[in-house]
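Me: I would like to learn how to read aromatic rings and pockets in a protein model. Could we go through one together, feature by feature?

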Amino acid sequence: MKRLCALLLVALFFVLVGCSNVKEGDITDFTAWLDSEGFTPSISQRDMIEKMGGYTYNGHPFDASCGIFYDSLYGGGYTVYGEEIGFTNDYRVSEDRKTADYTNLFYTKVPLGGLTLPLGIEFADTFQDVLLKMGITEKLPSEFGSDEGTDAEMTLYKNERYTLVFRNLYLSKDLNQVDIPYELVFTEKYTFTDERKGETNVTRTIKLTFEPNEKVLHEFSVTIQENYKLK
């Protein structure tokens with residue numbers, strides 16, 4: 001009976017939400033936001049710490065200096081892990097010492113002073129609210145149309161640089177228990193030339209997750225990953 005109820009809720013969810021009439025102008029708003037907020041390639045560890053320290057929660061500055069520095073054979077970094085807010089700056093060298101990955105990750109589960117989310121999205125928004133702000137107004141079919149080779153992903157937009165994917169983790173065969181089932185993931189991939197690193201493959205990601213019942217925004221996160229050859 002519980003499984004039947006869950007399936008009915010999933011079906012109802014897809015009847016209610018919008019579909020993929022996404023325009024590139026809506027998608028590039030994410031890129032413009034990343035640029036304006038300074039989530040760009042080669043942001044330094046110091047800059048990342050200063051940036052995070054500029055945010056406030058409940059009127060108090062976020063203490064970005066309370067993190068942990070770490071080192072390993074293949075790299076190191078700095079991380080502040082909190083239940084509601086956190087970030088990581090990480091550098092990793094491949095085992096063959098030919099390439100490196102440089103990553104900055106930031107997440108928040110609460111609204112922050114000094115941070116305006118893209119497209120006017122707010123933490124009080126539901127999944128449907130966010131879709132409408134992204135210009136998605138058409139109705140999805142009642143049956144989930146997963147991408148070929150996946151069971152839980154549906155691509156809403158894709159071109160050579162950008163993708164927007166909806167994930168329904170309730171349908172994933174790899175997960176036994178799912179607490180936060182719905183995800184919208186924007187990804188941008190491009191090549192960037194850095195003065196020190198040379199040609200760098202950049203992947204910038206914005207992920208929004210939504211709670212299962214009211215489908216209210218649960219977490220907002222940003223990842224900037226750079227992969228490049230070592231000289």
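Me: Is Tyr182 buried or exposed?

Reply: Please keep in mind that this is a predicted model. A residue counts as buried if its relative accessible area is under 20%, and Tyr182, with a relative accessible area of 2%, is therefore buried.

Me: How should I read a pair of aromatic rings, and how many aromatic pairs does a search of the whole structure find?

Reply: A pair of aromatic rings is described by the distance of the centres and the angle of the planes. In this structure, a search of the whole model finds 14 aromatic pairs. One of them joins Phe127 and Phe166, a tilted pair with 5.1 Å from centre to centre and 55° between the planes. This pair links distant parts of the chain, since Phe127 belongs to helix α4 (residues 127-133) and Phe166 to strand β8 (residues 162-168), 39 residues apart. Phe127 is buried, with a relative accessible area of 2%, and Phe166 also counts as buried, at 1% relative accessibility.

Me: Why is the pair of Phe166 and Tyr182 stacked?

Reply: Planes under 30 degrees apart count as stacked. The planes of Phe166 and Tyr182 lie at 20°, with the ring centres 6.3 Å apart, so this pair is stacked. The pair again links distant parts of the chain, with Phe166 in strand β8 and Tyr182 in strand β9 (residues 182-194), 16 residues apart.

Me: Which residues form one aromatic cluster, and which residue lies over the face of Phe39?

Reply: The cluster is formed by Trp33, Phe39, Tyr55, Phe106 and Phe220. Over the face of one of its members, Phe39, lies Lys51, at 4.9 Å from the ring centre. Elsewhere in the model, Arg161 lies over the face of Tyr190, at 4.3 Å from the ring centre.

Me: What lines the second largest pocket?

Reply: A pocket can be read through its volume, its lining residues and the elements that supply them. The second largest pocket holds about 190 Å³ of space, and its lining includes Asp147, Glu153, Lys158, Arg167 and Lys207, along with Thr155 and Val165. Strands β7 (153-158), β8, β9 and β10 (198-210) each supply at least two residues of this lining. Sorted by class, the lining has 2 nonpolar, 4 polar and 5 charged residues.

Note on methods. Residues are numbered from 1 along each chain as its sequence is written. This is a predicted model: local features need pLDDT of at least 70, side-chain atom pairs count only at pLDDT 80 or more; totals for chains, interfaces and linings use all residues. Side-chain values use heavy atoms; hydrogens and water are left out. Rings of Phe, Tyr and Trp (its six-membered ring) pair if their centres lie within 6.5 Å; planes under 30 degrees apart count as stacked, over 60 as edge-to-face and the rest as tilted. Helices (H or I, at least four residues) and strands (E, at least two) are DSSP runs, numbered from the N terminus. Buried means under 20% relative accessible area, exposed over 50%, partly exposed in between (1.4 Å probe, protein chains only). A charge sits over a ring if NZ of Lys or CZ of Arg is within 6 Å of the ring centre and within 35 degrees of the ring normal. On a 1 Å grid over the protein atoms alone, a cavity is a set of points where a 1.4 Å probe fits but cannot get out, and a pocket is an open set with protein on both sides within 12 Å along at least five of seven lines; lining residues have an atom within 4 Å of a point. Grid points are joined across faces, edges and corners, and a volume is the space filled by probe spheres set on the points. Ala, Val, Leu, Ile, Met, Phe, Trp, Tyr, Cys and Pro count as nonpolar, Asp, Glu, Lys and Arg as charged, and the others, Gly among them, as polar.
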